[in-house]
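Thanks for asking me to look over this model with you. Could you open the structure alongside this note and follow the points one by one?

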Amino acid sequence: MSPGIFEDRKSVRDDLAVLLGEMPLFSGLPPAVLHDIAAAAEWLSLPGGAVLFSAGEPADALYVVLSGSLAVLTADGRVQGRFLARLAAGDTVGEMGLISGHPRTANVVALRNTELARISSRAFNEVLRRDPEAMWRIAQLMVSRLERMDSPPRAHVRGASTFTVLPQSLEVDFAGFSTALVKALSQFGRTELVWNARAGTHTSQWFNNVESSNDFVVYVADPTPNRWTKLCERQADALLLLARAESPAGSWAALRWPHDHSLTPQRWELILAHDSAIETGAAARWLANLPDIPHHHVQSATDYSRLARMLAGRAVGLVLSGGGARGFAHIGAIRALQEAGIPVDLLGGTSMGGILGAGVAARWSIDEMTERFRHYFVECRPLRDYTLPFVSLVSGHRVSRMLFEAFGELAIEDLPLGFFCVSSNLTAGHIHVHRRGELWRALRASVSVPGVLPPVVHEGDVLVDGGAMNNLPVDIMLESGRGPVIGCDAGADRAFATHGDDIDVPLPWQVMRWVKARRQLPNIFQILWRTGMVNSSALTATQRGKTDLLLRPPLAEIDMLNWKAFEQAIQAGYEYTARRIEELPEDCPLWRSLGLAGE
């Protein structure tokens, strides 16, 4: 046990009794029983990296985390095991084995210096003997946990509270970065910056006090694998791997697990600091050795606010649906969000929503997006390069040329804001999520309406419009666990209607009479476009319910292929979104996440 801890044992045991009463496992027990449990508890101090218990050991006690943090790891034969869960102050561990009588099924290790209260099986059984109703409450808790295990995992905000800045080398300005990050995090709570010079000689209890008295703590490690750096890594919920983007890609010599971040309980985040504009290919160069971790670009002061929201689980994700010409309503919706002061930190989309989302992720202004997309879709008419319909009605050359002209050789990972788009993999029968590679090519796949545009072939698989399987990919945005999600569904209204009763197309010599009768029948483009989306309608309805703010602009009067309704769609999206924002309650999840609740 660390010196100076629990000097007033009675006070600490009283606090433990109160803490136990707030836990589901012990809630409702009489105060006298809670105090008896607290009195029988043993006090443990576990140094960072030490094993609390291992799989296969007898379950002879349960533990209450008083301070610090534990990691639950699988027992799959590897030294570290796969990370399953993080336990923080106030959590319990080991009770399931204690109740079932079975040996431990996982490994539990201390992520940092951790203080625990150990409640032996004898003391626990005494509780059950004295209060039979406790067994009923515990049985209910076990059933609830088993139900959660059998249910599909729910996405959750994956915020952190302690961060370690790990510079790749001395050439990166980690002092300036850390100071700016602390300032940005301070808008969400009390934040403290801890350096080696200040904390190198302090005890583990000092670190626990710093973390318990702050909402966020940022530790600044050294680029070398010294004692201080190892301590910083151990204390972190998230490791921020900071590198100068323009430098040749290198490794982090100080990393405890340099080759496999899946073995570590901490999140890894790659931070690329840029001297000026984002260098094309820089992200791919640095991600070559870290292919599966998220990355962030930092160019200017505004990027620190976005990074703080991302790290704290308060980032705003915007998902844009497909919908043809109706998708221009997204421009109006984005304008209304910006005017309301709602930042957009992550973008995701399908088909037209993917193209417009890429413009936002590239940090195009509203005026720039309006002018660009008016030129590309209204003036250039990219769907007019008809061809023999062996694969599709149009050749797709105009669309490909338009996308390349708009985004050039830009890679998705080079976008200033996080971005993904989706296409439908007809070969494998599942959604394909594009997070890396050439942006224009990913968008070309996402907008390839079956029968209208030729599919895109990727590594032998045939990719078509994402709307065929998922026209509003909110679930994919939720997987990031970064914060609230706004969904804008521009494909929700009826695609078209007809007042005619014809079954067959008239014979050639009857066409003129048929036209004069003004038959309002859908054309082949409308039919194929709608057919490409209709199969995902049920899923889209489910996706709407997963959003924190759902936007469904009224667009029934706009044909999905009426590109000349450009201004009308934008205005409809703007007016509708502005009204929806005004109607939001002051304590809604979106305002709370941004720290604006009650304003």
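1. Ground rules. This is a predicted model, in which local features need pLDDT of at least 70 and side-chain atom pairs count only at pLDDT 80 or more, while totals for chains, interfaces and linings use all residues. Residues are numbered from 1 along each chain as its sequence is written, and side-chain values use heavy atoms, with hydrogens and water left out.

2. The chain overall. You will find 22 helices and 22 strands in the protein chain; these are DSSP runs numbered from the N terminus (helices are H or I with at least four residues, strands are E with at least two). Of the 599 residues, 53% are buried, where buried means under 20% relative accessible area, exposed over 50%, and partly exposed in between (1.4 Å probe, protein chains only). The protein chain exposes about 27200 Å², and carbon and sulfur atoms supply 54% of that area. The areas come from the Shrake-Rupley method with a 1.4 Å probe; for residues, only the protein chains shown count as cover.

3. Contacts along the sequence. Taking the contacts in the protein chain with a separation of 6 or more, 77% are between residues 24 or more positions apart. Contact here means heavy atoms within 4.5 Å.

4. Salt bridges. How many salt bridges does the count come to? It comes to 16, with a salt bridge being a side-chain nitrogen of Lys or Arg within 4 Å of a carboxyl oxygen of Asp or Glu. One of them joins Arg118 and Asp60 at 3.4 Å, N to O. That pair links distant parts of the chain, 58 residues apart: Arg118 is in strand E8 (residues 114-120), and Asp60 is in the loop between strand E2 (51-53) and strand E3 (61-67). Arg118 is buried because its relative accessible area is 15%, whereas Asp60, at 35%, counts as partly exposed. Both residues also belong to a network of salt bridges that links Glu42, Asp60, Arg104 and Arg118.

5. Two buried pairs. Arg309 forms a salt bridge with Asp345, with the closest N and O atoms 2.7 Å apart. This pair also links distant parts of the chain, from helix H11 (residues 301-312) for Arg309 to the loop between helix H12 (329-339) and strand E16 (346-350) for Asp345, 36 residues apart. Both Arg309 and Asp345 are buried. Glu269 and Arg267 form a salt bridge too, with a closest N to O distance of 2.7 Å, and both of these residues are buried.

6. Is helix H16 (residues 439-446) mostly covered or mostly exposed? It is mostly covered, with seven of its eight residues buried, among them Trp440 and Arg444. Beyond its neighbours within four places in sequence, Val447 is in contact with Ser351, Met352, Ile355, Val399, Leu453 and Asp465.

7. A charged patch. Arg381, Arg384, Arg398, Arg401 and Lys564 gather in a patch of positive charge on the surface. Lys564 lies in the loop between strand E22 (549-551) and helix H21 (566-583), and counts as exposed because its relative accessibility is 75%. Patches are made of residues with over 30% relative accessible area and no salt bridge, with like charges joined within 9 Å and nonpolar side chains (Val, Leu, Ile, Met, Phe, Trp, Tyr) within 5 Å. Lys and Arg count as positive and Asp and Glu as negative, with His and the chain ends not counted; the place of a charge is NZ of Lys, CZ of Arg, CG of Asp or CD of Glu.
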